[in-house]
Amino acid sequence: MSKNKIAIWLVGALMPLALTAQTTAGRRAVPDRHWYKVSVLTRAMGDSVLVRWAPDEYVPWKYLNGYGYEVVRICRQANTTLIDTLARNVHPLRRREFMSRFAENDSLAAAAVQLVFGKGTTLDQTQSAPGTPGSILEVKEEQETLFSFAMLIAEMRPDLARAMGLMFVDRTAQKGVTYDYKVNPLVPDSILPVQGGISFGVDNQPYRPDDYTTEITDSVIAPNNVQIYWSRDQHTVYDIERRDNGTGPWRVLNERPYLPSQVNPALDSNRNMYYDQGLPIGTYEYRIRTYDAFGLRSNPSAPHRVEIPDLVPPAIPVLQRIEIERPGDQVLARLYWRKDTMEADFEGFAPLYYHEQATMGQWLPLTEKLLARTDTTCLVNVTGLPTGTLVIAAYDTAHNVAMSVPMPIRISDVKAPETPQNLRALVSPTGLVTLRWNAPPDRDVRQYEVYKANALDHQFTRITPTDLRDTLWLDTISLNLNQRYVYYKVKATDWSGNGSPLSEAVAAPVPDFTPPMTCRVDSIAMDDEAIRIWWIGSNEASVKTHRVLRKLKGDDHWTLIATVDADSLLDNTFLMEDRPPYNQERRYYYAVETLSHMGASSGLSMQQSFLFRGPQVFQVPIKLFAGTGLRDGSVRLGWETGTLPPTVAGADYYYCVYRKSKGKDGFRFVSSAPKDDPTYLDYTVKPGETAEYYVKIKFRDGRESSRSNTASVTMKVED
């Protein structure tokens, strides 16, 4: 079996998890085997019968492409049953014959060739490690996708279905006779158990297409563009037909059977959609035909009428200027505009006024009716209106509108705008300062004013011209200033001359790329719990942060363990306290990098190293038992050990036995024992002598446990 077939079988074996004993006609029941199935569809044509089939999964499809199928026809008349084998080995055409039968530009045929003869990804070619669940899942998902595309192509194209070995045409069927058709897989059960399929009671009458019943809706989404919707059902591909003005000939819009995609799976997964564009204004009718599994078209659906309205607005007019006149108690505005293009359906102009509060967020017409299409000026009464925005709107006969660029109109206003917010400064290495801020919500802001000072308690001086309309300003800082920051504020002014309060100040750092001095060590302390280093940093004004770094001896890269803001320190001194993992063999190194406000680095300070081994003695409960062997004259020791602390759990260790004999000073090491044999025999104690013992654990890395209890043994004197 090839590597590819092994991959197919392995993945296929994972897909059917429900294993049951099944029986099929003419096939032996195999217990505890999953039976794949072949589904069969038929279509009577009167002079022939079309037989289509498909396995239920990728695995049997790939196997049966090689083993093939048998097509059997059964005819039951009176007391006689006639069984005819119509085809004995139906399988896909050979690759060369397949490719020669269809045109080179036939993309569906090319896809069918690749699906039938392509090898696909094997278990040793996946992104996941071979043999892992992820590897198997990758291959399985690819196989499911390939199988779905293959069955879709077979449904869309009967000629390709026959070439793929999934369709047979019975041209010997007699008109008016009823038949059963059975498709048997030819793969042996011992290799792959596949249950054949059967279609009963096929009455061979002339084919009459079904009427396609569906409800069509539409949405005109843009000028000259329409979307057609209809219900998603069991059909796969469709033809969309259209006729103009509801009376012309029907025309199929799609070049090949149309396969719709979902409109929006999250919002509307039950509708098909077709997008039709470039339609002139007018009336159209649409209808849908669908294809069945044999590639036969249905009768069309009921037509749906769509009106394409005029959605194209006129060309935009240009509002040139506004002049305010104040005769008596009235306030009048004289408007001047032009419109360079005059469309045939253009109807006239209207001046529109807007103020978020005064007009409730709506555009207010300032004339009772449209002005003539030939007008270029008008005089409107704006008495009592606050400063707002005005446009000239152009309308056509279909009520499409195009508005000029809005222009502020200053009428009467004593209310100052709100203060601009979120003032921010970006300084380049050359001293160029880019200032930005958010515009206030007031719609009558005319200009902004930027102010500058060298300190927060200094007088802020205006640095901008009288007509700054943008929310951006560029300034330059001298690189020779002996200070850290320059400060800025901004205010807004409306068309009536009302000014907002100054904004909060923003600090712009003065460019200084001189590297700051490195930190130095003041004092050091270390215990079993932590490493502590007191660092003294530079007192330079340009210093912004200190970065504390750590690494193990032999490592190539440092790890950032803390960032200290220089402005938060008193006397430029700070404590670094670290609790790294204990390491019995490698030293920890520490250093500090100091950065200026402009990102200049001091480089690493002098490195400090520590061997942070942690506690060397651990409290471990060890209970020692001692006795004598009467026959061999030995002292017998045994002990029990409690749970090791988490800090040494899993470390390799052994036991050490210590003895104190009579007349000796202190305990001495006498032997070791492996951790899986907590016993010891001592033959050196003489009769009448007394010896004391204790046991403790020695770890391979040098650490040890606390002592066990002391056990005393006196060797008896023989009678």
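Is Tyr 67 buried, partly exposed or exposed? Tyr 67 is partly exposed, at a relative accessible area of 32% (buried means under 20%, exposed over 50%, partly exposed in between; 1.4 Å probe, protein chains only). The model is predicted: local features need pLDDT of at least 70 and side-chain atom pairs pLDDT 80 or more, while totals for chains, interfaces and linings use all residues. Residues are numbered from 1 along each chain as its sequence is written, and side-chain values use heavy atoms, without hydrogens and water.

The largest nonpolar core has 56 residues (buried Ala, Val, Leu, Ile, Met, Phe, Trp, Tyr and Cys joined through side-chain atoms within 4.5 Å). Helix α5 (residues 133-156) gives the largest share of this core, 7 residues (helices are DSSP runs of H or I, at least four residues, and strands runs of E, at least two, numbered from the N terminus). A second, separate core holds 24 residues, including Val 635 and Ala 711.

Salt bridges number 34 (a side-chain nitrogen of Lys or Arg within 4 Å of a carboxyl oxygen of Asp or Glu). Lys 140 and Glu 144 form one of them, at 2.4 Å, N to O. Both residues lie in helix α5, 4 residues apart, about one turn of the helix. Lys 140 is partly exposed at 21%, as is Glu 144 at 35%.

Glu 593 pairs with Arg 547, with the closest N and O atoms 2.6 Å apart. Glu 593 lies in strand β36 and Arg 547 in strand β33, so the bridge ties together parts 46 residues apart in sequence. Glu 593 counts as buried, at 15% relative accessibility. Arg 547 counts as partly exposed, at 24%.
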